[in-house]
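Please look at the sequence and the structure before reading on.

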Amino acid sequence: MSLVAIGACYVDTILTTPHYPGEDEKLRASSISRRRGGNCPNTLEVLQQLTADLSLDLVAILPAKSSSASRQIQSAFEPHISLAHCIYREELSEPASSYIIKSQSSGSRTIVNYNELPEMTVAEFTNIADYLDPKTSWFHFEGRIPDVTLSCICYLRRQYPSVKISVELEKPGRPGLQELAEEADVVFYSKSWAQGNGYQTAEECIQKQSVIARKASLLCCTWGQNGAVALETKSKSMIHSPAYSAVDFKVVDTIGAGDTFIAGMLYAWLCQGDKWNLSQKLGFANRIAGMKVSQEGFAGLKRALESFNSQ
Ligand SMILES: Nc1ncnc2c1ncn2[C@@H]1O[C@H](COP(=O)(O)OP(=O)(O)OP(=O)(O)O)[C@@H](O)[C@H]1O
Ligand SMILES: *[C@@H]1O[C@H](CO)[C@@H](O)[C@H](O)[C@H]1NC(C)=O
């Protein structure tokens with residue numbers, strides 16, 4: 001089985017500061033680090049640790065193939081994650097960039113983005129989709145450029161009706177994301193999207209969205225330290241699962257917690273299927289996301305699977 005994830009790939013520069021700076025404040029960071037970011041790349045990085053049964057493909061816009069950013073991304077991903085269908089903007093050399101301030105006192109992260117790379121067009125995507133068919137069975141979209149993404153999804157529905165589609169709705173106040181949910185088989189809502197749309201709780205978001213996202217078989221909404229809620233429409237069962245916490249649990253790094261949750265859930269949904277019930281799937285996704293929150297980066301998250309299986 002194969003999964004293609006379509007979304008932005010960022011190079012993150014992370015400044016760790018003792019507290020979050022106020023406007024106009026002068027503050028000394030205690031460390032600086034660089035790493036690759038972006039929702040889909042994060043999700044793929046976690047997924048490839050969990051299973052060798054999924055062939056994984058990233059579709060992202062990158063600068064020139066020979067640029068140092070593109071070469072670094074290639075060496076980090078290949079051969080486990082294929083970049084064969086990435087789109088290279090040969091005239092540009094800067095990757096999409098994210099500058100992150102991470103406050104040690106709260107564990108929060110504040111992100112400023114910069115991106116000069118022209119976005120993927122529908123024609124670029126349909127070329128890729130035609131090439132990938134019929135190998136690809138699952139397309140996961142980061143809900144970024146809603147109108148383009150919607151056209152891509154509609155193209156897949158028309159041309160390749162057996163393909164399954166998931167979307168992540170993360171950024172609040174981006175019009176058009178709702179329409180993506182209405183077309184998808186699996187929808188991941190973030191707390192910030194839910195709150196931005198007037199929902200007070202994850203349950204409320206899922207309940208009301210289940211009336212709107214009529215084609216979906218699975219809806220999930222994450223809620224930070226309150227865990228997540230999932231609804232399987234086939235059995236009409238809605239389940240809440242608390243966030244994972246171990247005895248010595250400490251928040252270290254929340255960047256990509258939602259992306260890790262998605263990786264955990266996609267793994268459970270695609271690779272465990274009926275072997276795990278919904279509460280096990282959700283429990284696993286929370287566990288791996290919680291383990292991510294308690295460490296830097298995404299390395300070694302396979303242990304979530306080992307500890308889950310032995311509980
Ligand atoms: N403080 C925490 N303690 C334990 N688990 C957490 C905590 N914060 C997040 N998580 C886990 O991560 C999941 C996703 O968190 P959250 O809703 O904050 O994602 P997000 O803000 O979309 O993350 P990102 O955008 O950085 O990927 C939660 O459902 C939960 O399982
Ligand atoms: C899911 O499976 C677990 C483990 O077998 C079981 O304890 C739990 O009761 C089941 N939950 C539901 C909702 O069926």
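How many bridges join β13 to strand β14, and in which sense do the two strands run? Five bridges join β13 to β14 (residues 228–232), and the strands run antiparallel. The model is a predicted one.

- Strand β13 covers residues 218–222, and five of its five residues are buried, so the strand is largely enclosed by the rest of the structure.
- In a regular strand, side chains alternate between the two faces of the sheet.
- With β14, β13 forms a hairpin that has five residues between the strands.
- In the turn of this hairpin, G224 has a positive phi of about 50°.
- One of the paired positions is L218, whose bridge partner in β14 is E232.
- β13 also pairs with strand β12 (residues 186–189), here in the parallel sense and over four bridges.
- Opposite C221 in β13 stands Y189.

**Strand β8 and its partners**

- Strand β8 spans residues 96–103; six of its eight residues are buried, so this strand is largely enclosed by the rest of the structure.
- Strand β2 (residues 10–17) pairs with β8 in the parallel sense, over eight bridges.
- V11 has S97 as its bridge partner in β8.
- β8 pairs with strand β9 (residues 109–114) as well, in the antiparallel sense and over six bridges.
- Y99 stands opposite V112, a residue of β9.
- β8 and β9 make a hairpin with five residues between the strands, where G107 takes a positive phi near 80°.

**Helices α1 and α8**

- Helix α1 (residues 39–50) packs with helix α8 (residues 257–272) at an angle of about 45°, and their axes are 8 Å apart.
- The crossing of α1 past α8 is right-handed.
- From α1, the contact is made by N39, N42, T43, V46, L47 and L50.
- From α8, D259, T260, I262, A263, G264, L266 and Y267 take part.
- Sorted by class, the contact has seven nonpolar, five polar and one charged residues.

Conventions
Residues are numbered from 1 along each chain as its sequence is written. Chains are lettered from A and ligands numbered from 1 in the order in which they are written. This is a predicted model: local features need pLDDT of at least 70, side-chain atom pairs count only at pLDDT 80 or more; totals for chains, interfaces and linings use all residues. Side-chain values use heavy atoms; hydrogens and water are left out. Buried means under 20% relative accessible area, exposed over 50%, partly exposed in between (1.4 Å probe, protein chains only). Two strands pair if DSSP finds at least two bridges between them. Axes are lines fitted to C-alpha atoms, for helices over the stretch in contact, and angles run from 0 to 180 degrees between N-to-C directions. A crossing is left-handed if the near helix is turned anticlockwise from the far one by less than a right angle, and right-handed if clockwise. Contact means heavy atoms within 4.5 Å. Ala, Val, Leu, Ile, Met, Phe, Trp, Tyr, Cys and Pro count as nonpolar, Asp, Glu, Lys and Arg as charged, and the others, Gly among them, as polar.
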